[in-house]
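Q: I'd like to go through this model with you, strands to begin with and then some helix packing. Could you keep the answers in plain sentences?

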Amino acid sequence: MTTKKQKSNENTKITIDQLFNANTVRARKSVKNWQEAIRVIGQLLVEEGSVEAGYVNAMIRVVQELGPYAVLAPGIVMLHARPEDGVKEPCMGLVTLATPVNFGHTQNDPVDITLALGAVDKKSHLQALQNVAELLANPEALSDIRSAADDDALLQVIKFWTRCR
């Protein structure tokens with residue numbers, strides 16, 4: 001079985017249950033704006049050792065340069081930058097916000113669920129993205145994610161719904 005710590009190649013399929021752990025999820029974080037939301041989730045990935053600190057600034061730069069396209073659905077943003085911006089290994093984080101913030105999307109703001117992805121190539125993360133899409137498309141799972149009171153509860157919700165898919 002391949003773990004995320006093993007060297008990835010484009011034929012490796014990484015799933016969300018390999019990426020989310022107690023270090024990469026946080027519930028009900030308080031932030032002042034979208035930039036701080038990116039810094040909070042990015043710092044989780046830095047502390048996990050999965051990305052370099054510059055990757056956090058790169059995610060902010062992507063939103064500044066390309067706009068709020070990463071706000072994929074009402075209340076949900078999927079942040080990322082390029083692998084060469086400092087991704088060391090495949091990674092993903094999820095942070096729910098105590099108070100939603102605006103990213104500037106006309107239809108899907110405000111955001112209360114932030115996800116960050118660090119990909120090392122063009123393909124290995126696609127399975128994890130599909131898993132996340134399935135998770136977030138489930139209204140019950142989405143409600144449980146939003147209502148998780150603390151970090152442990154959030155991780156347990158993700159694990160539960162990942163097993164149910």
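Q: How many bridges join strand 3 to strand 5, and do they run parallel or antiparallel?
A: Bearing in mind that this is a predicted model, strand 3 and strand 5 (residues 111-118) run parallel and are joined by 4 bridges. Within that pairing, L79 stands opposite A116 of strand 5.

Q: And where do the side chains of strand 3 point, and are they buried or exposed?
A: In strand 3, which covers residues 76-79, I76 and M78 point one way while V77 and L79 point the other way, and all of these residues are buried.

Q: What about strand 2 and strand 3, parallel or antiparallel?
A: Strand 2 (residues 71-73) runs antiparallel to strand 3, with 2 bridges joining them, and A73 has I76 as its bridge partner in strand 3.

Q: Which residue takes a positive phi in that hairpin?
A: That is G75, whose phi is positive and near 80°, in a hairpin that has 2 residues between strand 2 and strand 3.

Q: Switching to helices: at what angle do the axes of helix 4 and helix 5 cross?
A: The axes of helix 4 (residues 126-137) and helix 5 (residues 139-147) cross at roughly 90° and come within 5 Å, so helix 4 is roughly perpendicular to helix 5.

Q: Which residues make the contact?
A: Helix 4 contributes L135, L136 and A137, and helix 5 contributes P139, A141, L142 and I145.

Definitions and conventions. Residues are numbered from 1 along each chain as its sequence is written. This is a predicted model: local features need pLDDT of at least 70, side-chain atom pairs count only at pLDDT 80 or more; totals for chains, interfaces and linings use all residues. Side-chain values use heavy atoms; hydrogens and water are left out. Buried means under 20% relative accessible area, exposed over 50%, partly exposed in between (1.4 Å probe, protein chains only). Two strands pair if DSSP finds at least two bridges between them. Axes are lines fitted to C-alpha atoms, for helices over the stretch in contact, and angles run from 0 to 180 degrees between N-to-C directions. Angles under 35 degrees count as roughly parallel, over 145 as roughly antiparallel, 65 to 115 as roughly perpendicular and the rest as oblique. Contact means heavy atoms within 4.5 Å.
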